[in-house]
Amino acid sequence: MPYSLNENQRQYTMTPTQTLALAMIDYNNGDPKRIQHTTKVHAYASMIGRSEGLDEETLFILESAALVHDIGIRASEQKYGHQNGKLQEQEGPAVAREMLTRLGGYSERQIERICWLVGHHHTYHVCEDLDYQILIEADFIVNLYEDNESPHAIRAVRKNIFRTGSGTKMLETMFGINE
């Protein structure tokens, strides 16, 4: 059965976010690149969110969304034979909703927000909410590294995408951008 906990995992009290992280590792079984991507985006989103002073509720939603942000990749590949950002946004919310509902620990309002974030994480021109902005920045930090982007591309992303002080500082420090 997917998204199940083994006996060792059940003996500890796990938060919904920890349970979701394990479920995503299980979901992406055999694909270490996707698992690594997911855990890195989650870690950076959490750090930026805490640095930006998000309240606990918003941080919980952000961290959960970071864990499932790319959940639409597999559904896109199965349905269309390929995937891209728009297909991820289209297919991801339904898969995320099913997983979050099955795992429990989420209110309907939280699930709605997480699914909205999943369905918009490749749409960059309407970032008005801080959790949304942080998710995009965390995903970019990881993608810029994983895609081995040029310093020019990194500077362009910083100028055109990044808005938070914490995310911008993290990007500049990580990639050695000093101007």
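## The largest cavity

The largest cavity has a volume of about 60 Å³. The model in which it is found is a predicted one. The count of cavities of 30 Å³ or more comes to one. Rolling a probe the size of a water molecule over the atoms shows where empty space is left.

The lining of the largest cavity consists of Met24, Tyr27, Asn28, Arg34, Thr38, Asp70, Ile71, Ile73 and Arg74. Two or more of these residues come from each of α2, α3 and α5. By class, the lining of this cavity divides into four nonpolar, two polar and three charged residues.

## The largest pocket

The largest pocket holds about 290 Å³ of space. Its lining is made up of 14 residues, and those nearest the centre of the pocket are His37, Asp70, Ile73, Asn143 and Glu146. The elements that give two or more residues to this lining are α3, residues 32-51, and α8, residues 130-146. Of the elements, α3 gives the most, with four residues.

## The nonpolar core

The largest nonpolar core comprises 45 residues, and the ones with the most contacts inside it are Leu20, Met24, Val68, Ile71, Met99 and Ile114. At least two residues of this core are supplied by each of α2 (16-27), α3, α4 (56-68), α6 (85-103), α7 (108-118), α8, α9 (151-160) and α10 (165-175). The largest share, nine residues, comes from α8.

Leaving aside neighbours within four places in sequence, Met24 is in contact with Leu67, Val68, Ile71 and Met99. Of these partners, Val68, Ile71 and Met99 are, like Met24, listed among the residues with the most contacts inside the core.

## Helix α4 and Leu67

Helix α4 is largely enclosed by the rest of the structure, because 10 of its 13 residues are buried. The buried residues are Leu59, Phe60, Ile61, Leu62, Glu63, Ser64, Ala65, Ala66, Leu67 and Val68. The elements that cover them include α2, α3, α6, α7 and α8. At 1.5 Å a residue, α4 should span 18 Å, and the 19 Å between its end C-alpha atoms agrees with this.

Leu67 is found in helix α4. Since the relative accessible area of Leu67 is 2%, and buried means under 20%, this residue counts as buried. Not counting residues up to four places away in sequence, Leu67 touches Thr17, Leu20, Ala21, Met24, Thr38 and His42. Leu67 and Glu57 are 10 residues apart in sequence, and their C-alpha atoms are 16 Å apart in space.

Helix α8 has 17 residues and reaches 24 Å from its first C-alpha to its last, close to the 24 Å expected at 1.5 Å a residue. This helix is mostly covered, with 13 of its 17 residues buried.

Asn148 follows α8 and is found in the loop between α8 and α9. Although Asn148 is not a glycine, its phi is positive, at about 50°. Asn148 is exposed, with a relative accessible area of 67%.

His82 is found in the loop between α5 (72-80) and α6. With a relative accessibility of 42%, His82 counts as partly exposed, because that class lies between the limits of 20% and 50%. Beyond its neighbours within four places in sequence, His82 is in contact with Ser76, Glu77 and Leu87. His82 and Asp31 are 51 residues apart in sequence and 16 Å apart in space, C-alpha to C-alpha.

Ser166 is found in helix α10. The relative accessible area of Ser166 is 18%, so this residue is buried. Not counting residues up to four places away in sequence, Ser166 touches Ile48, Ser51 and Glu52.

Terms used: Residues numbered from 1 in each chain as written. Predicted model: local features only at pLDDT ≥ 70, side-chain atom pairs only at ≥ 80, totals over all residues. Heavy atoms only, no water. 1 Å grid on protein atoms, 1.4 Å probe; cavity = no way out; pocket = protein on both sides within 12 Å on 5 of 7 lines; lining within 4 Å. Points joined across faces, edges and corners; volume = space filled by probe spheres on them. Expected span 1.5 Å × (residues − 1). Buried < 20%, exposed > 50% of the residue type's maximum accessible area, 1.4 Å probe, protein only. Core = buried A, V, L, I, M, F, W, Y, C linked by side-chain atoms within 4.5 Å. Contact = heavy atoms within 4.5 Å. Nonpolar A, V, L, I, M, F, W, Y, C, P; charged D, E, K, R; others polar.
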